[in-house]
Amino acid sequence: MSLPPLNAVRAFEAVGRRGSVKLAAEELSVTPGAVSRQLGLLEEHLGISLFKRSHRQVTLTHSGTLYLQSVSDALQRLSDATDEIKSTKGRDPLHIWCPMTFGLRWLVPRLPAFRAAQPDRDVVFTTSLGPIDFSARTTDVAIRIGQGTWPGCASHRLIDIELTPVCSPALLDRLGPMTRPSDLRRATLLQSAARPGYWRQWLEAAGASDIDPDRGITFESVSLAYQMAMNGAGVALGQLALVEDDLRTGRLVAPFAQRTDSKDAFYLIYPNRLISDPFVMLFRDWLLGEAGGGEVRTG
(Lines give C-alpha, C1' and ligand atoms only; values in the text may rest on other atoms or scores of the structure.)
Protein backbone atom coordinates (compact mmCIF):
# COMPACT_ATOMS: atom_id res chain seq x y z
CA MET A 1 0.00 0.00 0.00
CA SER A 2 1.52 3.31 -1.14
CA LEU A 3 0.19 6.21 0.92
CA PRO A 4 1.21 9.86 0.60
CA PRO A 5 1.79 12.08 3.67
CA LEU A 6 -1.73 12.53 5.02
CA ASN A 7 -1.20 16.08 6.31
CA ALA A 8 0.02 17.02 2.85
CA VAL A 9 -3.06 15.42 1.30
CA ARG A 10 -5.33 17.45 3.60
CA ALA A 11 -3.54 20.63 2.62
CA PHE A 12 -3.78 19.77 -1.08
CA GLU A 13 -7.50 19.00 -0.86
CA ALA A 14 -8.22 22.27 1.01
CA VAL A 15 -6.23 24.38 -1.50
CA GLY A 16 -7.80 22.62 -4.48
CA ARG A 17 -11.31 23.00 -3.08
CA ARG A 18 -10.89 26.62 -1.94
CA GLY A 19 -8.67 27.73 -4.84
CA SER A 20 -6.45 29.63 -2.43
CA VAL A 21 -3.50 28.87 -0.18
CA LYS A 22 -4.59 31.62 2.21
CA LEU A 23 -8.16 30.36 2.55
CA ALA A 24 -6.92 26.80 2.98
CA ALA A 25 -4.54 27.95 5.70
CA GLU A 26 -7.39 29.66 7.55
CA GLU A 27 -9.51 26.51 7.30
CA LEU A 28 -6.71 24.31 8.62
CA SER A 29 -5.63 26.83 11.28
CA VAL A 30 -2.03 26.95 10.03
CA THR A 31 0.05 29.56 8.21
CA PRO A 32 0.08 29.92 4.41
CA GLY A 33 3.76 29.05 4.51
CA ALA A 34 2.98 25.75 6.23
CA VAL A 35 0.39 24.93 3.56
CA SER A 36 2.86 25.72 0.78
CA ARG A 37 5.46 23.45 2.36
CA GLN A 38 2.92 20.60 2.53
CA LEU A 39 2.05 21.08 -1.14
CA GLY A 40 5.73 20.91 -2.09
CA LEU A 41 6.16 17.77 0.02
CA LEU A 42 3.22 16.08 -1.73
CA GLU A 43 4.45 17.01 -5.21
CA GLU A 44 7.89 15.69 -4.33
CA HIS A 45 6.36 12.43 -3.08
CA LEU A 46 4.27 12.03 -6.27
CA GLY A 47 6.92 13.30 -8.68
CA ILE A 48 4.44 15.54 -10.51
CA SER A 49 3.22 19.14 -10.38
CA LEU A 50 -0.24 19.55 -8.96
CA PHE A 51 -0.51 23.32 -9.28
CA LYS A 52 0.52 26.10 -11.62
CA ARG A 53 1.74 28.95 -9.47
CA SER A 54 1.61 32.66 -10.22
CA HIS A 55 2.29 35.66 -7.96
CA ARG A 56 -0.88 35.39 -5.85
CA GLN A 57 -2.73 32.46 -7.39
CA VAL A 58 -2.51 28.69 -7.65
CA THR A 59 -4.28 26.78 -10.39
CA LEU A 60 -4.66 23.02 -10.59
CA THR A 61 -2.83 21.23 -13.36
CA HIS A 62 -4.64 18.50 -15.31
CA SER A 63 -3.01 15.89 -13.06
CA GLY A 64 -3.95 17.95 -10.02
CA THR A 65 -7.58 18.10 -11.09
CA LEU A 66 -7.78 14.32 -11.48
CA TYR A 67 -5.98 13.74 -8.18
CA LEU A 68 -8.22 16.20 -6.33
CA GLN A 69 -11.35 14.30 -7.33
CA SER A 70 -9.94 11.00 -6.05
CA VAL A 71 -8.54 12.57 -2.88
CA SER A 72 -11.82 14.39 -2.12
CA ASP A 73 -13.80 11.15 -2.50
CA ALA A 74 -11.37 9.27 -0.27
CA LEU A 75 -11.40 11.93 2.45
CA GLN A 76 -15.19 12.05 2.40
CA ARG A 77 -15.40 8.27 2.81
CA LEU A 78 -12.91 8.48 5.66
CA SER A 79 -14.95 11.25 7.29
CA ASP A 80 -18.19 9.28 6.90
CA ALA A 81 -16.59 6.14 8.35
CA THR A 82 -15.23 8.14 11.28
CA ASP A 83 -18.63 9.67 12.02
CA GLU A 84 -20.24 6.24 11.86
CA ILE A 85 -17.80 4.58 14.23
CA LYS A 86 -18.00 7.51 16.65
CA SER A 87 -21.78 7.36 16.65
CA THR A 88 -21.73 3.68 17.65
CA LYS A 89 -18.85 3.93 20.12
CA GLY A 90 -19.72 2.04 23.30
CA ARG A 91 -23.13 1.03 21.98
CA ASP A 92 -22.60 -2.69 21.45
CA PRO A 93 -25.42 -4.70 23.05
CA LEU A 94 -25.03 -5.89 26.62
CA HIS A 95 -25.29 -9.70 26.59
CA ILE A 96 -26.93 -10.94 29.79
CA TRP A 97 -27.07 -14.61 30.78
CA CYS A 98 -29.61 -15.47 33.44
CA PRO A 99 -31.35 -18.55 34.88
CA MET A 100 -34.84 -18.76 33.46
CA THR A 101 -36.71 -18.56 36.76
CA PHE A 102 -34.74 -15.58 38.06
CA GLY A 103 -35.17 -13.89 34.71
CA LEU A 104 -38.92 -14.40 34.50
CA ARG A 105 -39.74 -13.66 38.12
CA TRP A 106 -37.21 -10.99 39.14
CA LEU A 107 -35.07 -9.50 36.39
CA VAL A 108 -37.36 -9.23 33.36
CA PRO A 109 -40.07 -7.24 35.22
CA ARG A 110 -37.36 -4.71 36.16
CA LEU A 111 -35.58 -4.48 32.80
CA PRO A 112 -37.96 -1.88 31.32
CA ALA A 113 -36.69 0.58 33.95
CA PHE A 114 -33.11 -0.04 32.89
CA ARG A 115 -34.08 0.30 29.25
CA ALA A 116 -35.86 3.58 29.95
CA ALA A 117 -32.70 4.92 31.60
CA GLN A 118 -30.53 3.74 28.68
CA PRO A 119 -32.83 4.02 25.63
CA ASP A 120 -29.99 4.02 23.10
CA ARG A 121 -28.42 0.81 24.34
CA ASP A 122 -29.55 -2.67 23.38
CA VAL A 123 -29.68 -5.75 25.58
CA VAL A 124 -29.46 -9.37 24.45
CA PHE A 125 -31.01 -11.65 27.08
CA THR A 126 -30.24 -15.38 27.21
CA THR A 127 -31.49 -18.11 29.55
CA SER A 128 -29.89 -21.52 29.65
CA LEU A 129 -29.13 -24.40 31.97
CA GLY A 130 -25.74 -24.93 30.33
CA PRO A 131 -22.36 -23.56 31.38
CA ILE A 132 -21.26 -20.00 30.70
CA ASP A 133 -18.19 -19.41 28.55
CA PHE A 134 -17.02 -15.82 28.96
CA SER A 135 -14.04 -16.52 26.71
CA ALA A 136 -16.42 -16.91 23.74
CA ARG A 137 -17.38 -13.22 24.15
CA THR A 138 -21.07 -14.10 23.76
CA THR A 139 -21.86 -13.22 27.39
CA ASP A 140 -20.89 -10.00 29.16
CA VAL A 141 -22.62 -10.42 32.51
CA ALA A 142 -24.40 -13.33 34.15
CA ILE A 143 -26.64 -14.07 37.11
CA ARG A 144 -25.42 -17.16 38.92
CA ILE A 145 -26.40 -19.08 42.04
CA GLY A 146 -23.47 -19.88 44.29
CA GLN A 147 -21.37 -18.67 47.18
CA GLY A 148 -19.45 -15.90 45.49
CA THR A 149 -16.32 -17.35 43.96
CA TRP A 150 -15.88 -17.71 40.21
CA PRO A 151 -12.27 -17.75 38.96
CA GLY A 152 -11.39 -14.81 36.75
CA CYS A 153 -14.61 -12.96 37.57
CA ALA A 154 -15.86 -10.13 39.72
CA SER A 155 -19.01 -11.05 41.63
CA HIS A 156 -21.65 -9.03 43.46
CA ARG A 157 -24.03 -10.67 45.93
CA LEU A 158 -27.54 -9.65 44.95
CA ILE A 159 -30.17 -11.63 46.85
CA ASP A 160 -29.94 -14.32 49.51
CA ILE A 161 -31.90 -17.50 48.87
CA GLU A 162 -34.36 -18.29 51.65
CA LEU A 163 -36.47 -21.39 51.23
CA THR A 164 -40.02 -22.18 52.33
CA PRO A 165 -42.75 -24.46 50.92
CA VAL A 166 -45.44 -22.78 48.81
CA CYS A 167 -48.68 -24.04 47.33
CA SER A 168 -52.00 -22.79 46.00
CA PRO A 169 -54.91 -21.94 48.32
CA ALA A 170 -56.94 -24.48 46.35
CA LEU A 171 -54.57 -27.26 47.43
CA LEU A 172 -55.13 -26.43 51.09
CA ASP A 173 -58.87 -26.37 50.49
CA ARG A 174 -58.61 -29.86 49.03
CA LEU A 175 -56.09 -31.45 51.43
CA GLY A 176 -56.89 -29.49 54.58
CA PRO A 177 -54.69 -27.07 56.55
CA MET A 178 -50.95 -27.64 56.81
CA THR A 179 -49.63 -26.44 60.15
CA ARG A 180 -46.71 -28.82 60.75
CA PRO A 181 -43.99 -30.00 58.34
CA SER A 182 -45.21 -33.57 58.83
CA ASP A 183 -48.43 -32.54 57.03
CA LEU A 184 -46.40 -32.56 53.80
CA ARG A 185 -46.88 -36.35 53.77
CA ARG A 186 -50.35 -35.61 52.38
CA ALA A 187 -49.01 -33.60 49.44
CA THR A 188 -46.94 -34.17 46.32
CA LEU A 189 -43.53 -32.53 46.53
CA LEU A 190 -42.69 -30.58 43.40
CA GLN A 191 -38.98 -30.87 42.74
CA SER A 192 -36.51 -28.98 40.53
CA ALA A 193 -33.73 -30.92 38.83
CA ALA A 194 -31.71 -27.70 38.82
CA ARG A 195 -31.78 -27.48 42.65
CA PRO A 196 -32.09 -31.10 43.84
CA GLY A 197 -30.88 -30.55 47.41
CA TYR A 198 -33.18 -27.76 48.49
CA TRP A 199 -36.07 -29.89 49.78
CA ARG A 200 -33.63 -31.94 51.86
CA GLN A 201 -32.17 -28.75 53.38
CA TRP A 202 -35.57 -27.40 54.35
CA LEU A 203 -36.93 -30.67 55.73
CA GLU A 204 -33.82 -31.26 57.84
CA ALA A 205 -33.95 -27.70 59.20
CA ALA A 206 -37.66 -28.16 59.97
CA GLY A 207 -37.04 -31.48 61.77
CA ALA A 208 -39.11 -33.47 59.30
CA SER A 209 -36.64 -36.32 58.87
CA ASP A 210 -39.44 -38.84 58.32
CA ILE A 211 -40.37 -37.35 54.91
CA ASP A 212 -38.52 -38.54 51.81
CA PRO A 213 -37.01 -35.34 50.30
CA ASP A 214 -36.67 -36.92 46.84
CA ARG A 215 -40.24 -38.09 46.25
CA GLY A 216 -42.84 -36.36 44.09
CA ILE A 217 -42.60 -34.88 40.60
CA THR A 218 -39.31 -33.50 39.29
CA PHE A 219 -39.16 -30.69 36.72
CA GLU A 220 -36.27 -29.36 34.71
CA SER A 221 -36.62 -25.86 36.13
CA VAL A 222 -37.95 -24.17 39.24
CA SER A 223 -40.33 -22.17 37.04
CA LEU A 224 -42.25 -25.30 36.11
CA ALA A 225 -42.45 -26.38 39.75
CA TYR A 226 -43.91 -22.99 40.70
CA GLN A 227 -46.42 -23.15 37.88
CA MET A 228 -47.55 -26.61 38.92
CA ALA A 229 -47.87 -25.38 42.50
CA MET A 230 -50.14 -22.54 41.34
CA ASN A 231 -52.16 -25.14 39.44
CA GLY A 232 -52.73 -27.05 42.68
CA ALA A 233 -50.64 -30.09 41.76
CA GLY A 234 -48.50 -30.08 44.89
CA VAL A 235 -46.11 -28.11 47.09
CA ALA A 236 -43.01 -26.46 45.67
CA LEU A 237 -40.06 -25.23 47.65
CA GLY A 238 -40.14 -21.49 47.11
CA GLN A 239 -37.16 -19.17 46.90
CA LEU A 240 -38.73 -16.23 48.69
CA ALA A 241 -37.29 -13.52 46.45
CA LEU A 242 -38.85 -15.23 43.44
CA VAL A 243 -42.34 -15.86 44.84
CA GLU A 244 -42.91 -12.57 46.67
CA ASP A 245 -45.38 -11.33 44.05
CA ASP A 246 -47.29 -14.63 44.07
CA LEU A 247 -47.54 -14.57 47.87
CA ARG A 248 -48.67 -10.94 47.85
CA THR A 249 -51.40 -11.57 45.29
CA GLY A 250 -52.52 -14.85 46.83
CA ARG A 251 -51.66 -17.05 43.86
CA LEU A 252 -49.47 -18.94 46.30
CA VAL A 253 -49.43 -19.25 50.08
CA ALA A 254 -46.63 -20.23 52.47
CA PRO A 255 -48.28 -22.52 55.07
CA PHE A 256 -45.25 -22.81 57.36
CA ALA A 257 -43.31 -20.15 59.27
CA GLN A 258 -40.06 -22.06 58.80
CA ARG A 259 -37.56 -20.18 56.59
CA THR A 260 -34.26 -21.85 55.75
CA ASP A 261 -31.16 -20.11 54.45
CA SER A 262 -29.80 -22.22 51.60
CA LYS A 263 -26.31 -20.70 52.04
CA ASP A 264 -26.46 -19.84 48.32
CA ALA A 265 -27.28 -16.47 46.84
CA PHE A 266 -27.89 -14.90 43.45
CA TYR A 267 -24.77 -13.14 42.20
CA LEU A 268 -24.04 -10.82 39.32
CA ILE A 269 -20.74 -11.89 37.77
CA TYR A 270 -18.63 -10.72 34.84
CA PRO A 271 -15.06 -11.37 33.71
CA ASN A 272 -12.32 -9.22 35.24
CA ARG A 273 -11.50 -7.81 31.80
CA LEU A 274 -14.85 -5.95 31.86
CA ILE A 275 -14.38 -4.29 35.26
CA SER A 276 -13.88 -0.91 33.57
CA ASP A 277 -16.44 -1.35 30.78
CA PRO A 278 -18.83 1.64 31.02
CA PHE A 279 -22.01 -0.20 30.01
CA VAL A 280 -21.28 -3.15 32.29
CA MET A 281 -20.70 -0.72 35.16
CA LEU A 282 -24.00 1.04 34.40
CA PHE A 283 -25.85 -2.27 34.51
CA ARG A 284 -24.01 -3.34 37.67
CA ASP A 285 -24.88 -0.15 39.52
CA TRP A 286 -28.51 -0.30 38.42
CA LEU A 287 -28.87 -3.97 39.37
CA LEU A 288 -27.27 -3.48 42.78
CA GLY A 289 -29.67 -0.62 43.37
CA GLU A 290 -32.61 -2.85 42.51
CA ALA A 291 -31.29 -5.56 44.83
CA GLY A 292 -30.57 -3.15 47.66
CA GLY A 293 -26.77 -3.28 47.33
CA GLY A 294 -24.43 -6.20 47.83
CA GLU A 295 -20.93 -7.32 48.57
CA VAL A 296 -18.23 -7.37 45.91
CA ARG A 297 -15.65 -10.09 45.28
CA THR A 298 -13.07 -10.69 42.60
CA GLY A 299 -11.90 -14.13 41.55
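The side chains of Glu290 and Arg110 form a salt bridge, with 3.4 Å from N to O. Glu290 belongs to helix α11 (residues 278-291), while Arg110 sits in the loop between α5 (100-107) and α6 (111-117), so the pair ties together parts that are 180 residues apart in sequence. Glu290 is partly exposed at 34% relative accessibility. Arg110 is partly exposed too, at 25%.

This is a predicted model, in which local features need pLDDT of at least 70, side-chain atom pairs count only at pLDDT 80 or more, and totals for chains, interfaces and linings use all residues. Residues are numbered from 1 along each chain as its sequence is written, and side-chain values use heavy atoms, with hydrogens and water left out.

## Terms for this part

A salt bridge is a side-chain nitrogen of Lys or Arg within 4 Å of a carboxyl oxygen of Asp or Glu. Buried means under 20% relative accessible area, exposed means over 50%, and partly exposed lies in between (1.4 Å probe, protein chains only). Helices (H or I, at least four residues) and strands (E, at least two) are DSSP runs, numbered from the N terminus.

## Other salt bridges

The whole structure holds 15 salt bridges. One of them joins Asp122 and Arg115 at 3.3 Å, N to O. Asp122 is partly exposed, at 41%. Arg115 is partly exposed, at 38%.

Another joins Asp245 and Arg248 at 2.4 Å, N to O. Both residues lie in helix α10 (residues 240-249), 3 residues apart, about one turn of the helix. Asp245 is partly exposed at 36%, whereas Arg248 is exposed at 63%. The pair belongs to a network of salt bridges that links Arg105, Asp245, Asp246, Arg248 and Arg251.

## The cavity

The count comes to 1 cavity of 30 Å³ or more. A cavity is a set of points on a 1 Å grid over the protein atoms alone where a 1.4 Å probe fits but cannot get out; lining residues have an atom within 4 Å of a point. Grid points are joined across faces, edges and corners, and a volume is the space filled by probe spheres set on the points.

The largest cavity has a volume of about 100 Å³. Its lining includes Leu190, Arg195, Trp199, Tyr226 and Gln239. The elements that give two or more residues to this lining are β7 (189-192), α8 (198-206), α9 (222-230) and β9 (235-239).

The lining residues divide into 8 nonpolar, 3 polar and 1 charged. Here Ala, Val, Leu, Ile, Met, Phe, Trp, Tyr, Cys and Pro count as nonpolar, Asp, Glu, Lys and Arg as charged, and the others, Gly among them, as polar.

Note on methods. On a 1 Å grid over the protein atoms alone, a cavity is a set of points where a 1.4 Å probe fits but cannot get out, and a pocket is an open set with protein on both sides within 12 Å along at least five of seven lines; lining residues have an atom within 4 Å of a point.
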